[in-house]
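Good morning, colleagues. Please bring up the sequence and the model, and I shall take you through a few of its parts in turn.

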Amino acid sequence: MSPKKDLRLDTIAISVGRPPHGPDAPLNPPIALSSTFHAGGGVGYGRYGNETWSALESAIGAFEHGSTLVFSSGMAAISAVFSILPIGAVVTASHQGYSGVMTLLGSLHTSGKIEVRFVDISNTEEVLTALPGTALLWVESPTNPTLSVADLPRLISAAKAQGCGVAVDNTFATPLVQQPLLMGADIVVHSVTKYFAGHSDVVMGSLSTADPALLARLEDARKFGGGIPGPFEAWLALRGLRTFPLRFERAQESAMEIARRLSAHPKVAEVHYPGLPDDPNHVRAASFMKGFGAVLSFSLHAGAAQADKVCESSSVITYATSLGGIESLWERRRRWANESVSVPESLIRLSVGCENVEDLWEDILQSLENA
Ligand SMILES: *Cc1c(COP(=O)(O)O)cnc(C)c1O
């Protein structure tokens, strides 16, 4: 069943990707465990399609207003985008962002497959200057892990006016906050691992586009690149996605409260959260985003060792990487060798989950006390 066009996202999350109604028809799609299919249909083989993927794809597609392809991970989806660029194509991308993408772009650049122009994505003039000759503008906003905000409406319209493609990693914001295809972007990327699946039990990615020719090229990149998800993982992700709006709204509300309290804490040097009125990204974010997300980061008046100690001291918040799950996670980002050196050593990224905000705050207070 495809949803009526005017449904709101929280209703779409619950109603899309269901099998056709009928007596004794199941409410949920089956987990289609089959590597091959009886001849004569449109799919044929398990690397080309699967009805459990299709159910999940219809839900993500309805969120993002495009057609969607799911992949074995966010990075597999992202690799598929870069794989369809011609050799030597110019990509303009943020110099700070998800570290896996930074590493991938760096190696594609070094090996000469593409030429990457690294820019400060929140500095609109710098991005506009880099655009001439760019084949693809790669935007992650808000950025990992310092929550910088790109002027998406302005960057997308400037890029499209020059015939430059635009891909937006919408993992942090989610479609509840911004819908880049509606602003004119060509591709929206998600690490489904994060908010959509939402329970830290699945690794998966997706690409969405409203351009049928581009969709066909990306689908070929999945077919022949081979980065396909398992049907069971697709089913789990769809099950998680049913509650994504509920989880996200709760987490976002708590993130705002925690950001506010952290910015008044004497051990905290700086809080990065675009929802804070004095955050340098706030005015821009408020001008086009419908919320500020549920990830924040903060640095301490202390070094790496004490920041590590804070992360190790929590009992409600889990010390682990990743984000977007129902459980709150935090970590010191520079513990990873491939994190940007522009990120402060003591910066802790906190993915706010759905626990009671007072329990989270008490846990943060006692952890800061310990350091
Ligand atoms: C996690 C993440 C990715 C990579 O996704 P995986 O599912 O881990 O492969 C890409 N972009 C952002 C913003 C992420 O948070």
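Where is Gln96 found? Before I answer, please note that this is a predicted model. Gln96 sits in the loop that runs between strand E2, residues 89-94, and helix H4, residues 99-110.

Is Gln96 buried or exposed? Gln96 has a relative accessible area of 10%, and it is therefore buried, the cut-off for that class being under 20%. Setting aside neighbours within four places in sequence, its contacts are Met102, Thr143, Asn144, Pro145, Thr146, Ser340, Ser342 and Val343. With one of these, Ser342, there is a polar contact between the two side chains, at 2.6 Å.

Let me turn to the sheet. Seven strands make up an open sheet with mixed pairing, and their order is E1-E7-E6-E5-E4-E2-E3. The edges are taken by strand E1 (67-71) and strand E3 (114-119); each has a single partner strand, so one side of each lacks a neighbour in the sheet. From one strand to the next, the twist averages 20 degrees.

Within this sheet, E2 pairs with strand E4, residues 136-140, in the parallel sense over three bridges. Val91 has Leu136 in E4 as its bridge partner.

Which elements does helix H2 touch on the sheet? Helix H2, residues 51-64, packs there against E1, strand E6 (187-191) and strand E7 (205-209), and its direction makes about 130 degrees with that of E1. Helix H7, residues 212-225, also packs on the sheet, touching E1, E6 and E7; the angle between its direction and that of E1 is about 15 degrees.

I come now to helix H11. In this helix, which spans residues 304-312, the buried residues are Ala307, Asp308, Val310 and Cys311. Viewed down the axis of H11, these buried residues fall within an arc of 155 degrees, so they line one face of the helix. On the face of H11 turned away from the buried side are the exposed residues Ala305 and Glu312.

What covers the buried residues of H11? The cover includes strands E9 (295-300), E10 (318-319), E11 (329-332) and E12 (348-351), together with helix H12 (357-370).

Finally, Ser313 lies in the loop between H11 and E10. Its relative accessibility is 17%, so Ser313 counts as buried. Not counting residues up to four places away in sequence, Ser313 touches Gln366, Ser367 and Asn370.

Thank you for your attention.

Technical notes:
Residues numbered from 1 in each chain as written. Predicted model: local features only at pLDDT ≥ 70, side-chain atom pairs only at ≥ 80, totals over all residues. Heavy atoms only, no water. Buried < 20%, exposed > 50% of the residue type's maximum accessible area, 1.4 Å probe, protein only. Helix = DSSP H or I, 4+ residues; strand = E, 2+ residues; numbered from the N terminus. Arc of directions from axis to C-beta. Contact = heavy atoms within 4.5 Å. Polar contact = N/O pair within 3.5 Å; in protein donor to acceptor, adjacent residues only side chain to side chain. Pairing = 2+ DSSP bridges. Axes fitted to C-alpha atoms, helices over the stretch in contact; angles between N-to-C directions.
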